[in-house]
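Please walk through the structure below, with attention to the aromatic rings and what surrounds them.

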Amino acid sequence: MEDSDLKMDRRSFLKRSTLFAGGVVTATTLQTLAAHTAHAKERKPEGRGRGKSPVGKGYGELKPVADQNGALILALPDGFHHTTFSKSGDAMSDGFATPAIHDGMSAFKGPDGTIRLIRNHEIRNAAGNFAFGVVGPASTRYDALAGGGCTTVDYDPRHKRIVRDFISINGTLVNCSGGRAFNDVGWITSEETTSGPDNGYRKKHGYNFLVRADINAPEPAVALTAMGRFAHEAAVADLEGGIVYQTEDSGGNSGFYRFLPNDPENLVAGGVLQMARIRGVNGYDTRTNQTVGVELPVEWVTIDVPDPEPVTVSNSCFAQGFAKGGVRWNRLEGIFRGDDSTVYFVSTSGGNAARGQLWQFIPSFTGGGTLVLVFESPNSGVLDSPDNLCV
């Protein structure tokens, strides 16, 4: 993700039904996606400026809808409503103000029938500037001069109100996305930066951190250095062995990684970081000239120095993996784990039109796997720079 003032224009909910045959997206699904694409190219205004869709009428026209307080915040189709809660500046249960720049989050089962939301705040203030940032106790900050982190919100869906909210991790920086840890022990929050002492901060950044789902107060933040130091976007553990798949948002030099933990439920215990490579091809370039539905066999190369210091063009995690034949992507962002450990992720600027790609990774029992391009946007009218996804 980039600057916060661009995000709302870029975020799209990727509404697709995904079916499987032997673990690979079926031809029927791909044909449906292709129909969307073809229809978008040929679509002409009709009636009130809306064309007919060959795959459904959608939910209808968007209209401003007031929330429970009468504020007009969202435009929604007829029959939909929304509730606003946990706004920036609101006082939280712990006495601190709700930070700004809400970002990636996940929902867990909370106490007493609540939904527990663990949420990032993508604060990228200069060192020592805590304006609208994640403050919290000084004793638990990873970096005393960094204002990012996460908040935890226990939401009562029945009465539509917050029961408890508090800062759960602080002292991190540019907490962008992340994902669920193995056995849902918590939320992996990811820093989308490699800033450090050279930028005025006390400590190095560019790491993942674990926010446990069962805490009710902040815990000291511990950098998961073995998972790599790079511009992290998202990370999610598979359901079988706790392998954590990670995306990197570093322009045209972005990698798709996996982390093999020594202990899936204790990521601090370390492990091995690897980057995807297409079998038999060095430096495969996914950015352009790809074909939907083609199966690409994957193998993995090990990143020998996952925590480079300093991070340079020549010693970064991507540079190490690319030197061993790793795959090059154009800005990898959101990632989603299916019920069978299949992983989906988006390349925000991938494709011939540079408007976005949706990829699927199917792990194999032999330790490799298969990559499949599910969809590529032909122009911004179909899909414009996807940021996250839900399948």
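Arginine 328 lies over the face of phenylalanine 322, 4.3 Å from the ring centre; a charge sits over a ring if NZ of Lys or CZ of Arg is within 6 Å of the ring centre and within 35 degrees of the ring normal. Arginine 180 is placed over the face of phenylalanine 108, at 4.2 Å from the ring centre. The model is predicted, so local features need pLDDT of at least 70 and side-chain atom pairs pLDDT 80 or more, while totals for chains, interfaces and linings use all residues. Residues are numbered from 1 along each chain as its sequence is written, and side-chain values use heavy atoms, without hydrogens and water.

Strand β5 (residues 102-109) pairs with strand β6 (residues 115-121) in the antiparallel sense over six bridges. Strands are DSSP runs of E with at least two residues, helices runs of H or I with at least four, both numbered from the N terminus; two strands pair if DSSP finds at least two bridges between them. Lysine 109 stands opposite isoleucine 115 in β6. Five residues lie between the strands of this hairpin, and aspartate 112 takes a positive phi near 55 degrees.

Rings of Phe, Tyr and Trp (its six-membered ring) pair if their centres lie within 6.5 Å, with planes under 30 degrees apart counted as stacked, over 60 as edge-to-face and the rest as tilted. By this rule there are 15 aromatic pairs. Tyrosine 59 and phenylalanine 80 form an edge-to-face pair, because their ring centres are 5.4 Å apart and their planes at 80 degrees. Ring pairs also link Tyr245, Phe256, Trp300, Trp329, Phe345, Trp359 and Phe361 into a cluster.
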